[in-house]
Amino acid sequence: MSAITKPPRIHYLDFFRAVAILAVVTIHSTSQPVSLFPKSSWQYNYYHFWNSVSLFAVPSFLFLCSLVLFYNYSYKDRITSWIAGFYKKRMLYILLPYILWSFIYFLFRNLSTPQRVIVDLPLYFERLLTGTNHTHLYYFTIIIQLYLLFPFLIWLMRFTWIQRLMLPLGIVIHIVFYYCNTNYWHIHRTASLLPSYWMHITLGAWIGMNFDFIMSLAKRYKILIGAIGVASALTYIYGYGLHVGSYKRAYHFFIYNLFTLSASVCLLLLSRYLFQWLHAEKIKRFISSLGTESFGIFLIHPLVLAIWRKFVMPIIFDYHLGIWLGGAAALFISWLITLVIRRFSIGWILVGK
């Protein structure tokens, strides 16, 4: 990678984002029936499959975020003039929408008791720090942690030995954090902490810094990578509940990370092939648009889904049809809302840029 010229944009990554945001919406759409039906029923097994197979979504977004950051900025490892602009852009286009949408969801949760808004305002700020004003907002606390740490990580890349040992170091840091928290710290909301995804961050960074080489290597071994992806997905879905005695925690840790890591790499390859093979320009533009607007879709779709469940779901004659129509509505309506907001000059306040 050139030390002077910024690398070209990778257009097929929008396909990656499109599939990942579809997985996010699938998780939230199927969460209700998974909790509703008894585990012995076919309905539970059906929705459990779709819910579980989609759980790569957030780790894959973090993987991709790391990949893009290191792909775009690793050539700046020996200069620092970019850091102020980097923080300004991220705080404006990520932090501000997160703060505003956190408040929107805070108000939405208090619609039935509006008098509680002022009383519970300190709770809003407390939840803002942990990403708990709504179930999906924890993702932004992780992203903000990554952005805060990123210039330091880029600085570390000037050391050749760190670049060479990046992957094993990432695995060790992730395992050490998991071990210490399991045995000593007992932090409950680890899903909001960056070290819980350190393998994904490290793998994304490694691929981002060696992109052309890694992609040519991955293309050569695509069948093996695909087989690992399918096997790890099926193991995670159907083998997660196995009773393995005192090794249960370690077993869950291993199969979850194997599944989400391999799914991220498979999705990277899949998005490349889809982009190259798909010649229907309208479909291609639509998928790319879903990926481009995935940030706004991610923020808005739970609100659309909640409104659907409250007002539309009761009048749908078939429960299962209502579930999938609700998911489709959450995806497409939030996409359309994002496009409309984007047309306004200050739309970035709500949907980033």
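A residue counts as buried when its relative accessible area is under 20%, as exposed when that area is over 50%, and as partly exposed in between, using a 1.4 Å probe and protein chains only. Keep those words in mind as we walk through this predicted model, in which local features need pLDDT of at least 70, side-chain atom pairs count only at pLDDT 80 or more, and totals for chains, interfaces and linings use all residues. Residues are numbered from 1 along each chain as its sequence is written, and side-chain values use heavy atoms, with hydrogens and water left out.

Our topic is salt bridges. A salt bridge here is a side-chain nitrogen of Lys or Arg within 4 Å of a carboxyl oxygen of Asp or Glu. The structure has four of them.

Let us begin with D14. This residue is buried, at 5% relative accessible area. One of its partners is R9, with the closest N and O atoms 3.0 Å apart. R9 itself is exposed, at 51% relative accessibility. D14 also meets R17 in a salt bridge, at 2.9 Å from N to O. D14 and R17 are about one helical turn apart, because they lie three residues from each other in helix α1, residues 13-36; helices are DSSP runs of H or I with at least four residues, numbered from the N terminus. Together, R9, D14 and R17 are linked in a network of salt bridges.

Now move along to D120, which pairs with R116 in a salt bridge whose closest N and O atoms are 2.9 Å apart. How accessible are these partners? D120 is buried, at 17% relative accessibility, while R116 is partly exposed, at 36%.

Note on methods. Helices (H or I, at least four residues) and strands (E, at least two) are DSSP runs, numbered from the N terminus.
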